[in-house]
Amino acid sequence: MKKIFITTCLFFAILQSNSQQKVNPESIRQKMQWFADAKLGIFIHAGIYSVDGIDESWSFHNKKISHADYMKQLKGFTLKNYNPSFWADLIKESGARYAVITTKHHDGVAMYDTKMNNLSIVKATPAKRDMIKPFFDELRKRDIKCGAYFSLIDWTHPDYPGFLNDSSKYILEKDYERWNRFRQFFQGQIKEIGTMLNPDLWWFDGDWEHSAEQWESEKVRNIILSNNPKAIINGRLQGYGDYETPEQNFPVTRPKYAWWELCMTTNDNWGFHHDENWKTPYQIITIFIDVVSNGGNLLLDFGPKEDGTIPEEQIHVLKELGAWNKKHDEAIFNTLGGIPQGHFYGPTTLSKDSTSLYLFLHGNVDGTIMLKGLDNKIEEITVLGNGTKLSHKVVGKISWSPVPGLVYIDVPENVKDKYVTVLKLKLDKPIKLYRGQGGFN
Ligand code: GLC
């Protein structure tokens, strides 16, 4: 029954995220498999905004700084300590299976060697080099999938309708020739990124400024897929993407999408900023678990400095997350989202065959934990990454009733992980849950 329910949800979710396309759900499912298994991606906001440490693109759009002053940062972008192999090692160490980097943000500055105009870090900054290609090469050596963030919005391009958040925007409907020129430009960039870098995943941004018709979203999708039929496209293409991308906001109930990804900053900013409001490793790990238990991926961001170095705090967080992931690998990667709320007071995941249930003990839990409505025999309980076997007791099982008893497990202090302890419950068969109302049915 549970299987039918999940399959039905999955089917409707596929229909929903591809509502405007003719798709074959099975081929989409196959294409999405590595993404569903990946769980963790690293997001990188690299751009000239790191020179002054101000808001990426938004600072001039919202008139915190003039466009001319914003663009002066081009002169300070050096990449003089850029080490893509160190970046790729760090990402690998974090446990992430994919990385997504800005090839162009809303400010229009290409971080790769675009031939479509002169506004790139290759032609307009002292760095004088493409930072994306060498990074993708290093990621691929380590079997990490490569994602290209691409902003549809280009607030610096002369044919884009206005870079300021005010009435200076030209009216696109009255000047379609100009808009057509811009479309050729941005679609040309998409073609060259496809050819030069062949991303496994495209992460569009800024679709909200125009409609699918205005962007020609269907055509954009076709351009990408004709170059690489396996490319995954995020959901910011006005209905033509493959998965949803909630941003900075944590779901409380499980999202009804087949695939979704929470993108989140490690402090309060995407790019490098003078911002010390770092999330702690404990917070990042618990958020990550929460996302995975709800069937999603986490795309965790860092913002490198203009010289290509990564702030120490972000390195620290990625290493701590990586050490925790290494210890608890089997409970996170290649798993399924967990059981519905109400059975256990915490997040859970399931092995793909649903015969192992993983319980995550947030908040340094020790003492006794309880599990309700588990209609299985527990064959073995192991503390992951530690190997200790724990015993359990079934309480309140009434012989004539179909309602399972309560499972109590004692978790001793000495098996606790420094962040989140994980218990593996090996079950006698695929998980079966009692979802009724106790004595009332
Ligand atoms: C928002 C912002 C952008 C940022 C992105 C990351 O859409 O416009 O600055 O790059 O979120 O998800």
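## Ligand contacts

Let's start at the ligand: one of its oxygen atoms lies 3.3 Å from a polar side-chain atom of Arg236, a polar contact in the sense of N or O atoms within 3.5 Å. The protein covers 95% of the 310 Å² of accessible area that the ligand has on its own (Shrake-Rupley method, 1.4 Å probe). This is a predicted model, in which local features need pLDDT of at least 70 and side-chain atom pairs count only at pLDDT 80 or more, while totals for chains, interfaces and linings use all residues. Residues are numbered from 1 along each chain, and side-chain values use heavy atoms, without hydrogens and water.

His105 also has a polar side-chain atom 2.9 Å from a ligand oxygen, and for Tyr149 the distance from a side-chain N or O atom to an oxygen of the ligand is 3.4 Å.

## The surrounding shell

Around the ligand are 14 residues, the closest being His45, Glu56, His105, His106 and Glu247; here a heavy atom within 4 Å qualifies a residue. By type, the shell has seven nonpolar, three polar and four charged residues, with Gly counted as polar and Tyr as nonpolar.

## An open sheet

Turning to the strands (DSSP E runs of at least two residues), six of them make an open antiparallel sheet, ordered β8-β9-β10-β16-β12-β13. Pairing requires at least two bridges found by DSSP. At the edges, β8 (336-337) and β13 (389-390) each pair on one side only.

Within this sheet, β10 (residues 356-361) and β16 (residues 421-427) are joined by six antiparallel bridges, and Tyr358 has Lys424 of β16 as its bridge partner.

Notes. A polar contact is a pair of N or O atoms within 3.5 Å; within protein, one must be able to donate a hydrogen and the other to accept it, and residues adjacent in sequence count only if both atoms are side-chain atoms. Helices (H or I, at least four residues) and strands (E, at least two) are DSSP runs, numbered from the N terminus.
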